[in-house]
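This report describes the fold of one protein chain for a reader who is new to structural descriptions. Please keep the sequence and the model in view while reading.

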Amino acid sequence: MAEMPVDINTYLRELLREPRETLSTEIKGWLDPTDFDHRATVAKACIALANHGGGHVVIGMTRNGDGYREDNSRPDDLDNEAVGRYAEPMFHCEVRHVESDALDGIFPVISVPGGHTTPIIPKRSSPGERVIRAGAPYIRRPGPASEPPQTAQEWQELMRRCVVNGRREML
């Protein structure tokens, strides 16, 4: 993940000025926190970003031609414990509600840490394995997409990040 400025709120407002998906930013529509598939969707995005080196998940936007607009189905309750339910080892994410001047709304943005010394995997599957499968170390892939590694190079990059992060810890 790129070095963030001291003021994270300014950084996140800039992120929402012209939102776009990248390898370190994932955008999702409004999700129902009582729906297990929606919880698994958030967990999968966070696990992939954690394995990538960190990033952000923006909730509440949908594609609109070349850009994004606010999704119409905002839930009443935005609490979600998806990472704790699915991630092994568990890690902490920060959730901030960020105002977007460009889209005239307030959006939850999940900041996902990187720097892990072991690959993060789901400890359970979503119902019917429709969204997430236990034991699959999701990563961010070009597209961008959150999927398991599909090539030897992608596995090597994931393992290299973990080894490098472990070295820093030992030093």
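Helix α2 (residues 36–52) lies across β1, β2 and β7, and runs at about 160° to β2. Helices (H or I, at least four residues) and strands (E, at least two) are DSSP runs, numbered from the N terminus. Angles run from 0 to 180 degrees between N-to-C directions, and the axes are lines fitted to C-alpha atoms, for helices over the stretch in contact.

## Basis and confidence

This is a predicted model, in which local features need pLDDT of at least 70 and side-chain atom pairs count only at pLDDT 80 or more, while totals for chains, interfaces and linings use all residues. Residues are numbered from 1 along each chain as its sequence is written, and side-chain values use heavy atoms, with hydrogens and water left out.

The mean pLDDT of the chain is 88, and 91% of its residues reach 70 or more; pLDDT is the predictor's confidence in each residue, from 0 to 100. Confidence is lowest in strand β4 (residues 67–70), with a mean of 78. It is highest in strand β8 (residues 121–122), at 97.

## The open sheet

In which order do the 4 strands of the open sheet lie? The order is β1-β2-β7-β6, and the pairing is mixed. The edge strands are β1 and β6, each of which pairs on one side only. On average, neighbouring strands of this sheet are turned by 25° against each other, direction ignored. Two strands pair if DSSP finds at least two bridges between them. The pairs are set out below.

| Strands | Sense | Bridges |
|---|---|---|
| β1 and β2 | parallel | 4 bridges |
| β2 and β7 | antiparallel | 4 bridges |
| β6 and β7 | antiparallel | 7 bridges |

Individual residues show how these strands face one another. Ile-27 stands opposite Val-58 in β2. His-56 has Ser-111 in β7 as its bridge partner, and Arg-96 has Val-109 in β7 as its bridge partner.

Strand β2 is mostly covered, since 5 of its 5 residues are buried. Buried means under 20% relative accessible area, exposed means over 50%, and partly exposed lies in between (1.4 Å probe, protein chains only). Both faces of β2 are covered: Gly-55, Val-57 and Ile-59 are buried on one side, and His-56 and Val-58 on the other.

## Helix α1 against the sheet

Helix α1 lies across β1, β2, β6 and β7, and runs at about 55° to β6. Which residues of helix α1 (residues 8–17) are buried? They are Ile-8, Leu-12, Leu-15 and Leu-16. Seen down the axis of α1, these buried residues fall within an arc of 95°, so they line one face of the helix. The arc is that of the directions from the helix axis to the C-beta atoms.

The cover over the buried residues of α1 includes β1 (25–28), β2 (55–59), β3 (61–64), β6 (94–100) and β7 (105–112). Contact here means heavy atoms within 4.5 Å.

## Loops and backbone details

Strands β6 and β7 form a hairpin with 4 residues between them. Asp-104 lies in the loop between these strands. Its phi is near 50°, a positive value in a residue other than glycine, and Asp-104 is exposed, with a relative accessible area of 68%.

Glu-129 is placed in the loop between β8 and β9. Its phi is near 55°, again a positive value in a residue other than glycine, and Glu-129 is partly exposed, with a relative accessible area of 46%.

Pro-89 is in the loop between β5 (87–88) and β6, whereas Pro-144 is found in the loop between β9 (139–141) and β10 (145–147).

## Ile-121 and its surroundings

Ile-121 belongs to strand β8 and is partly exposed, with a relative accessible area of 28%. Not counting residues up to four places away in sequence, Ile-121 touches Ile-47, Tyr-86, Ala-87, Glu-88, Gly-135, Ala-136 and Pro-137. The C-alpha atoms of Ile-121 and Val-109 are separated by 22 Å, and the two residues are 12 residues apart along the chain.
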